[in-house]
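Hi everyone, thanks for making time.

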Amino acid sequence: MFCYNCMHRISDENNYCPHCGRQSYPDRMPHHLSPGTSLNGRYLIGNAVGEDGFVITYAARDLNIDERVVVREYYPMGHVRRNSEQSNEVRLVSEGEAAYFGKGSDEFIAMAREEKRSGKADVRDLFAENGTAYIVTALPRGEQEEFGARRRPEGSNEYNDGFEGEAPEDYRSQTDIAQSGRQAPPPRKKKGKGGMIAAIVAGSVLVVALAAALIIFFVNGGKSKDDKNIPTTVAVTTAKPEETERPTEAPKTEDNTVQMVDVRGRKLSDAESQLRELGLKIETTREFNDEVAKDYIIRQSAESGQTLRKGDTVMLYVSDGAQPPTTEEPHSKPEFTTISASSTLRGEGMSFSADNLRSNDGSAWAAATETGGEWVSLNANGDQWVNGAVIVNGFAMNQQTFSDFGRVTAVRFEFSDGSVIEKELSDSMGQQTIEFGREYKTNSLKITILGSVPGAQHPNPALSYISIF
Ligand SMILES: [Zn+2]
């Protein structure tokens, strides 16, 4: 299979393309050729990578020589239409567009010839299909060698400047005429190449005949001039608009109703302007979606073809892209500002205050009595998210103090919402990590001694360090 974005060959089952670093989503704009379409029996079409109102540019692959190429399609926006879900045929918006269409295709082909003549682009092929014309060019120089490069190729901005590695949003922005107009000026700009193409409205089809010389040039690779077996014209037939075809734009009926259009797979901004034009109001809901690229429509509340009133609200479900991986620590480290205790041992020439629990520096808190129920309480300014505690048991300054003072065998943790969990402590000097089993939201933590073993000199239970995480 091929990546629709860059047309490199890929194998990943998740559609991930290591060449352009993107997911291979098929472009689903109805007026674009469907990705996967084959043209002229050899060009496999990928996603549209540029559009300027005159030409749609596609990532493509020449299957005969197994190489990535650029395919440009003559598509004068506003004068023709297409719904590729039904057919790849380009149709005139109205019969009155025939002259404009013919003149534009004249200039489209003149553009190819000029590119070929001047060496501006490596023009490989020119042909008619789907009622319009196509130009095939090699990728800009350097692209084939920079296989899989994620950066834009240097010095190749004339057209389709490297469609790999750009986010869909980036190449969508190339539809801006100011940016991409250089690659295909609209027909009115160019003059003087008339006569190349004759546009004739014949019966129900528009026939565009390409100039004989041009066709001979391409068929023979520019070598032969007078081979009689070479066809002298190629007819581009564009069907007249038909009333029976389901229109891309919903018809506006007289009684203030509109028909909902299918905006699934379209970019939100495009869908919004289309629906507003129909007189519909839009609400959006964002959700993660692995299949649909960010800012593209996943689904819509009203079905395509459904009759709505102007002013009705349509809900559009918009992709926020794939769900980001959940982080290991969604909340910042908890912070408790004050620490207090039910009682504090006095004497022995040193402090046993609860503040000693803040650091693991050999100091300790010791309770004034050995009776159960002594506690230490931590308090915070506002809610904290807590997952567990690191505790150092006993008076762990050294082996002597550790055995001289009492050690705690079990504690109860009590959170500000009343939740309670009980944990045993090990009778050892090192740090002990206690997991609460889940995350608790709390603004205080009361740690009550449930049992202790007396020390050799002092029965009073002691703790050297408490840190909450
Ligand atoms: Zn790719």
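Predicted model: local features only at pLDDT ≥ 70, side-chain atom pairs only at ≥ 80, totals over all residues.

Let's start with residues 164-234, where pLDDT stays under 50, although the model still has 117 contacts there beyond four places in sequence. For the protein chain as a whole, the mean pLDDT is 77, and 74% of the residues reach 70 or more.

Okay, the overall picture. The chain has 469 residues, and 37% of them count as buried. Its secondary structure comes to six helices and 23 strands. And if you take the contacts with a separation of 6 or more, 64% of them are between residues 24 or more positions apart.

Now let's go to strand 8, residues 132-138. Is it buried or exposed? Six of its seven residues are buried, so this strand is largely enclosed by the rest of the structure. Who does strand 8 pair with? One partner is strand 7, residues 123-129, running antiparallel to it and joined by six bridges. If you want a pair to look for, F127 has Y134 as its bridge partner. These two strands make a hairpin with two residues between them, and N130 in that turn has a positive phi of about 55 degrees. Strand 8 also pairs with strand 4, residues 67-74, again in the antiparallel sense, over five bridges. There, R72 stands opposite I135.

The largest has 44 residues, and the members touching the most others are C3, Y43, I45, Y58, A60 and V71. Strands 2, 3, 4, 7 and 8 each give two or more residues to this core, and so does helix 1. Which element gives the largest share? That's helix 1, with six residues. Zooming in on Y58, and leaving out residues up to four places away in sequence, we find that it touches L33, I45, G46, N47, A48, V49, V71 and E73. Apart from this core lies another one, of 33 residues, including L345, L357, A366 and L463.

Just after helix 1 comes G119, with a positive phi of about 80 degrees.

N40 has a phi of about 55 degrees and sits in the loop between strand 1 and strand 2. N40 is partly exposed, because it has 15 other C-beta atoms within 10 Å. D66 has a phi of about 50 degrees, and its place is the loop between strand 3 and strand 4. D66 has 8 C-beta neighbours inside 10 Å, so it counts as exposed.

Next, two residues with contrasting surroundings. C6 is in the segment before strand 1, and with 28 C-beta neighbours inside 10 Å it counts as buried. Its C-alpha is 9.3 Å from that of R22, which is 16 residues apart from it along the chain. G382, on the other hand, lies in strand 19, residues 375-393, and it's exposed, with 7 other C-beta atoms within 10 Å. G382 and E335 are 47 residues apart in sequence, and their C-alpha atoms are 9.4 Å apart.

Last stop: an open sheet of three strands, in the order 13-16-14, with mixed pairing. The edges are strand 13, residues 281-287, and strand 14, residues 297-300, each pairing on one side only. On average, neighbouring strands here are turned by 30 degrees against each other, direction ignored. Strand 13 pairs with strand 16, residues 313-319, in the parallel sense over seven bridges, and K281 stands opposite T313. Helix 5, residues 268-277, packs on this sheet and touches strands 13, 14 and 16. What angle does the direction of helix 5 make with that of strand 16? About 170 degrees.

Conventions
Residues numbered from 1 in each chain as written. Pairing = 2+ DSSP bridges. Helix = DSSP H or I, 4+ residues; strand = E, 2+ residues; numbered from the N terminus. Axes fitted to C-alpha atoms, helices over the stretch in contact; angles between N-to-C directions. Contact = placed C-beta atoms within 7 Å. Buried ≥ 20, exposed ≤ 12 C-beta atoms within 10 Å, placed from the backbone. Core = buried A, V, L, I, M, F, W, Y, C linked by C-beta atoms within 7 Å. pLDDT = per-residue confidence, 0-100.
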